[in-house]
Amino acid sequence: MSVTSQPTGSIPVQLRHVSGHRSRPFPLGVAESVPGVAEVAGAVNLAVYAPGITALDVVFTDPGFPADAVPSAEDLHRAPLFDVTDHVHHGTVPGLGHGSLYALVARDRRLSGVSRTGRKTSGKVKALPQLLLDPYGDAVVERGGVYWSTRVAGDFDWNGAAKPHIPLRDTIIYEAHVIGQTRLHPGIPEELRGTYAGLAHPAMLEYLTYLGVTAVELLPVHHHRDEDHLQAAGLQNYWGYNTVSFFAPHPGYATAAAQAAGPRAVQDEFKGMVKLLHEAGIEVLLDVVYNHTAEEGPGGPTFCWRGLGDEHYYRHDAAGRYLDTTGCGNALNFDDPQVVRMTVDSLRRWVTDFQIDGFRFDLAVTMCRDGAHHYTHRHPFLVAAQADPVLAGTKLIAEPWDVGIGGWQTGRFPAGWSDWNDRFRDVVRDFWVADRGAMEHGGQGGSTARLADSLSGSAALFESSGRSALASINLVTAHDGFTLADLVAYNEKHNEANGEDNRDGNSHNRSYNHGTEGPTGDAEILEARAQTARNVMATLLLSLGVPMITAGDELGRSQGGNNNAYCQNNEISWTEWDLDSRQQRMLSTTRRLIAIRKEFLAGQPYSYPARDLGYLRWFNSSGRPMTEQDWTDPHQRLLQLLIGVPGGRSTGLIVFNGGLETVPFRLPVPEELRGISTEQGSAVHTFTLQLSTSHRGDPRRGALFAPGENDTIEANSITLYDV
């Protein structure tokens, strides 16, 4: 049964005797053994921020309530939270144990049947008003179309598994979906595919370590629901950006056995996944959605925050209307300190209880708007997250935009944060993909200057915030938009399966189909697409900053031109593992690039590139330093980059040819290499060809060249030399 809204006014309940012992307004949620609170046998302290309610009760079942049962009137008890401190309702509640289902209900203080001590004063208690979730609940369960909070014991045997603590400079992020990554994998047992356990299966761990990525960034795993309009259309919110609880993992990604066993088994399976990934040396990052909730806009369902205090939890304009900076119907109000507190407490739970290594914050600008609705890099949330000792050492990554006024803030987040770099995305797409399409149709491409800025970590973009290239999370694709294979195979989006007549999704993709829209049997077109895709991947992995690969891009995964597959929990979104020869080469090229990146960084001082220790030297086709004319000439599409650190063990030369013709060029001449030495301290005397993205490049691997010697580079390709 789908859950559309919590019911109102039909469940009579028994009254649980509650003594008048003192309670505390902190910590929020359910807590045992709260200091300063008189001990009551079997009682817990419950505290809820509910500024929109005059008086609040909790209704609950006995502990260990059957996992498949729907609570009836005879199963429920009701207890008042008599104390209120700064809009936090709190009280001691006996009998609310692990496995109890519970919900919050508003109460008129004059309600017959309840006294200050909780004793019965008349025969029956009123029927319940709206049932509301505890914002801090350990887990959410659905019974008969109704959401309930429940308590889950948090103990878990981590068996000494430690967090990898991989430095940002060595991080390679792999953005994946729990279902899509494993649903079709032939090496994973059927019952584990599409689950937390499947993601930690030896076959997947072997693949991730073989590829060489250091962190898996999971699309939302907070408990979420499908929007009503998707349910009506028979679709699902596959991506999961529609949160019901910020403290509970989504049960739908657990195995059927764990779901049947209940929330404890679901959470243990999630923790087991994290444990095994950590043992494999791979960090786990979560894509988190604190900017809005599943309660949607006006007229949407009410599960929790709207019922507890709509005007406080959500942002409103001067006329009292929802101020929606997310495009999802509502925006959480981070001008309210309790909303900031709830978010930081949620992050702490995922770091401590689930051992998560970092977070990517969806539409992070919404979380950083002040009382006047303007973004500020000194917002209390940003300060709190960076200063919190529990969150110390976690990776904090902003999606630095939203849909409100002043919503684009890439490069403007403070120290301690990294930003998704959409400028890098657009420039790399332009140079390799859109420009190629323009030139092949008689137009011209852009100059190499913008590409050089992206290769260097977008220094100009981040310098005002005082951050280094490590603040740049470099990406060319993500879950939202074309896959890399589709970027080079489609000029237009093809989102018909979403049921919105192809109106949804971005229409400006900087893509190029290389001559034919979509699938083709033309070998020349297929090879051209594959080479462009390799160029994009190489640029991503050879640039300064932190690269993020979208799962499946290394395999040539296609979504059939759908650039907004948020509602496609099917083969459109799932990764297919049966690869043809071109896909095999894409995988081997990606793996080789990752290995080269790791080898290069291992040869540099630990502080590189966070401190300005290295050099980036740019050369033209004559092996001489780039001139101003070279930088601005759109016809000059060849660029050489010499990169390294004085005294470092590794130096690389990368040559980019974004033109349509194979061209001769001269490697950097000897007089321009003064001050650059090899590991042994001698002058540069050899360039060794390591990799070429050209379809004819591999046979040349290992070729040796002297400084100033001539070589050729094929059209639309990259060549990498070890120095």
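Guide: A residue is called buried here when its relative accessible area is under 20%. With that cut-off in hand, consider strand 23, which covers residues 651–657 and has 7 of its 7 residues buried, so that the rest of the structure largely encloses it. The burial holds on both faces of strand 23: Thr651, Leu653, Val655 and Asn657 are covered on one side, while Gly652, Ile654 and Phe656 are covered on the other. Please keep in mind throughout that this is a predicted model.

The partners of strand 23 come next. On one flank is strand 22, residues 638–644, which pairs with strand 23 in the antiparallel sense over 7 bridges, and within this pairing Gly652 of strand 23 has Ile643 standing opposite. Strand 22 and strand 23 form a hairpin with 6 residues between the strands, and in that hairpin Gly647 takes a positive phi near 85 degrees. Strand 23 also pairs with strand 28, residues 717–722, again in the antiparallel sense, here over 6 bridges; Ile654 has Leu720 of strand 28 as its bridge partner.

These pairings belong to an open sheet of 6 strands, whose order is 21-22-23-28-25-26 and whose pairing is antiparallel. Strand 21 (615–619) and strand 26 (704–705) are the edges of this sheet, and because each has a single partner strand, one side of each is left without a neighbour in the sheet.

For comparison, one may turn to strand 5, residues 77–81, where 5 of the 5 residues are buried. Both of its faces are covered, with His77, Ala79 and Leu81 on one side and Arg78 and Pro80 on the other. Strand 5 pairs with strand 4 (residues 56–60) in the antiparallel sense over 5 bridges, and Ala79 is the bridge partner of Val58 there.

A closed barrel of 8 strands runs 11-12-15-16-17-18-19-20 with parallel pairing, and the twist from one strand to the next averages 30 degrees. One of its pairings joins strand 11 (residues 173–176) to strand 20 (residues 546–550) in the parallel sense over 3 bridges, with Ile549 of strand 20 as the bridge partner of Tyr174.

The largest pocket, for its part, has a volume of about 1100 Å³. Its lining comprises 40 residues, with Trp239, Glu399, His479, Asp480 and Asn564 nearest its centre, and helix 10 (residues 422–440) gives the most to that lining, with 3 residues.

Leu587 is found in helix 15, residues 581–602, and counts as buried because its relative accessibility is 8%. Apart from neighbours within four places in sequence, Leu587 is in contact with Tyr207, Tyr210, Leu211, Glu554, Leu555 and Leu579. Of these contacts, Leu211 is 376 residues away in sequence, yet its C-alpha is 8.0 Å from that of Leu587.

A last word concerns confidence. The mean pLDDT of the chain is 92, and 92% of its residues reach 70 or more. Over residues 10–19, however, the pLDDT is below 50, although this stretch has 44 contacts in the model beyond near neighbours in sequence. Residues 109–126 are likewise below 50, with 39 contacts beyond near neighbours in sequence.

Key
Residues are numbered from 1 along each chain as its sequence is written. This is a predicted model: local features need pLDDT of at least 70, side-chain atom pairs count only at pLDDT 80 or more; totals for chains, interfaces and linings use all residues. Side-chain values use heavy atoms; hydrogens and water are left out. Buried means under 20% relative accessible area, exposed over 50%, partly exposed in between (1.4 Å probe, protein chains only). Helices (H or I, at least four residues) and strands (E, at least two) are DSSP runs, numbered from the N terminus. Two strands pair if DSSP finds at least two bridges between them. pLDDT is the predictor's confidence in each residue, from 0 to 100. Contact means heavy atoms within 4.5 Å. Axes are lines fitted to C-alpha atoms, for helices over the stretch in contact, and angles run from 0 to 180 degrees between N-to-C directions. On a 1 Å grid over the protein atoms alone, a cavity is a set of points where a 1.4 Å probe fits but cannot get out, and a pocket is an open set with protein on both sides within 12 Å along at least five of seven lines; lining residues have an atom within 4 Å of a point. Grid points are joined across faces, edges and corners, and a volume is the space filled by probe spheres set on the points.
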